[in-house]
Amino acid sequence: MLQIESLSKSYGSRQLFDQISFKFNPRERVGVVGLNGHGKTTLMRLIIGEESADAGHIVIPKNYRIGYVRQSLRFSAETVIDEGARALPVQDDGQTWKVEKILSGLGFNEADLKRPPRELSGGYQVRLNLAKALVAEPDLLLLDEPTNFLDITSIRWIEDFLARWPRELMLITHDRSFMDKVVTHVLGIHRRSIRKIPGD
C-alpha cells in the first residue's frame, strides 16, 4: 500500500501541492482529475522518482513494484514480441502467450509481432510501451492518457482489461467515459490540495 504523506511541490513561485496526503488501498483504481497545469502528471513523476518533492514523503512498501508507460521510445530486442517479453515478471519468463494476448488487444497483428520495433509507426511504438507496462503486472500501474494513439477497438479492449485489473491503478485521461468505466475512486486536485472520493 503506497502512501503520500504531507507532500509539497513548487516550481519557483508556483506551488502545485501544499502538504497533500492520501494512500492507495488494495485493488483501488484511482482516476486523477484537475485543471491542466495543476499537477496531475507531476504527481505521477513524484511517485516514480522522476521529480523530487520539496517536503513530505512517499512511502513505498518493500518489493512493491510500480509500472509507468515511458514516453521515451528505447527498444533493444530484435522483434516486437521479444521486446514485449522483456517486461514479463520473473515467474512468467518464457510465457510469450501473455505478451501476444496484450499486443493483439492493442491492435498488433501476427505479422507485426515479428517486425523490429524501430520499424513501427510512432503510435504503435507507444502502444508497445503500453503493452510492456501491462505485461509487467506491477502492484501499482500509472497510466497518463493511455488512449492516445489507440483506435476504438483497442480502447474498448483496454477498458475491459483495466476494469479487471486486480491490483492498484492510477489513471489520467481526458476521456470521461473511459475513466468512469475503469475507476473505483476519483482523486481531485484543486487549489494545491487533494481529495480522494469513492465512485466515478
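Colleague: Which residues does T173 touch, not counting residues up to four places away in sequence?

Modeller: This is a predicted model, and in it T173 lies in the loop between β7 and α6. With residues up to four places away in sequence left out, the residues that T173 touches are E145, T147, F178 and M179.

Colleague: Is T173 buried or exposed?

Modeller: The relative accessibility of T173 is 11%, and a residue is called buried when this value is under 20%. T173 therefore counts as buried.

Colleague: What distance separates the backbone nitrogen of D175 from a polar atom of the side chain of T173?

Modeller: The side chain of T173 has a polar atom that lies close enough to the backbone nitrogen of D175 to fall within 3.5 Å, the limit for a polar contact. The distance between the two atoms is 3.0 Å.

Colleague: Where is E145, and what is its phi?

Modeller: E145, which is one of the residues touched by T173, has its place in the loop between β6 and α5. At 16% relative accessibility, E145 counts as buried. Its phi is positive although E145 is a residue other than glycine, and the value is near 55°.

Colleague: Which element supplies the largest share of the largest nonpolar core?

Modeller: The largest nonpolar core has 35 residues, and L103, F108, L130, L134, L141, L143 and L162 have the most contacts inside it. At least two residues of this core come from each of α2, α3, α4, β6, α5, β7 and α6. The largest share, 6 residues, comes from α4.

Colleague: Which residues does L130 touch, not counting residues up to four places away in sequence?

Modeller: L130 is among the residues with the most contacts inside the largest nonpolar core. Leaving aside residues up to four places away in sequence, L130 touches V69, L106, L143, P146, L150 and I158.

Colleague: At what angle do α3 and α5 pack, and what word describes it?

Modeller: The axes of α3 and α5 are 8 Å apart, and the helices pack at an angle of about 130°.

Colleague: Which residues make the contact of α3 with α5?

Modeller: The residues of this contact divide into 3 nonpolar, 2 polar and 1 charged. From α3 come K101, I102 and G105, and from α5 come S154, W157 and F161.

Colleague: Is S6 buried, partly exposed or exposed?

Modeller: S6 has its place in strand β1, residues 3-11, and takes a positive phi of about 50° although it is not a glycine. Because its relative accessibility is 38%, S6 counts as partly exposed.

Colleague: Which residues does D92 touch, not counting residues up to four places away in sequence?

Modeller: D92 lies in the loop between α2 and α3, and with a relative accessible area of 7% it is buried. When residues up to four places away in sequence are not counted, D92 touches K98 and E137.

How values were computed. Residues numbered from 1 in each chain as written. Predicted model: local features only at pLDDT ≥ 70, side-chain atom pairs only at ≥ 80, totals over all residues. Heavy atoms only, no water. Core = buried A, V, L, I, M, F, W, Y, C linked by side-chain atoms within 4.5 Å. Buried < 20%, exposed > 50% of the residue type's maximum accessible area, 1.4 Å probe, protein only. Helix = DSSP H or I, 4+ residues; strand = E, 2+ residues; numbered from the N terminus. Contact = heavy atoms within 4.5 Å. Axes fitted to C-alpha atoms, helices over the stretch in contact; angles between N-to-C directions. Nonpolar A, V, L, I, M, F, W, Y, C, P; charged D, E, K, R; others polar. Polar contact = N/O pair within 3.5 Å; in protein donor to acceptor, adjacent residues only side chain to side chain.
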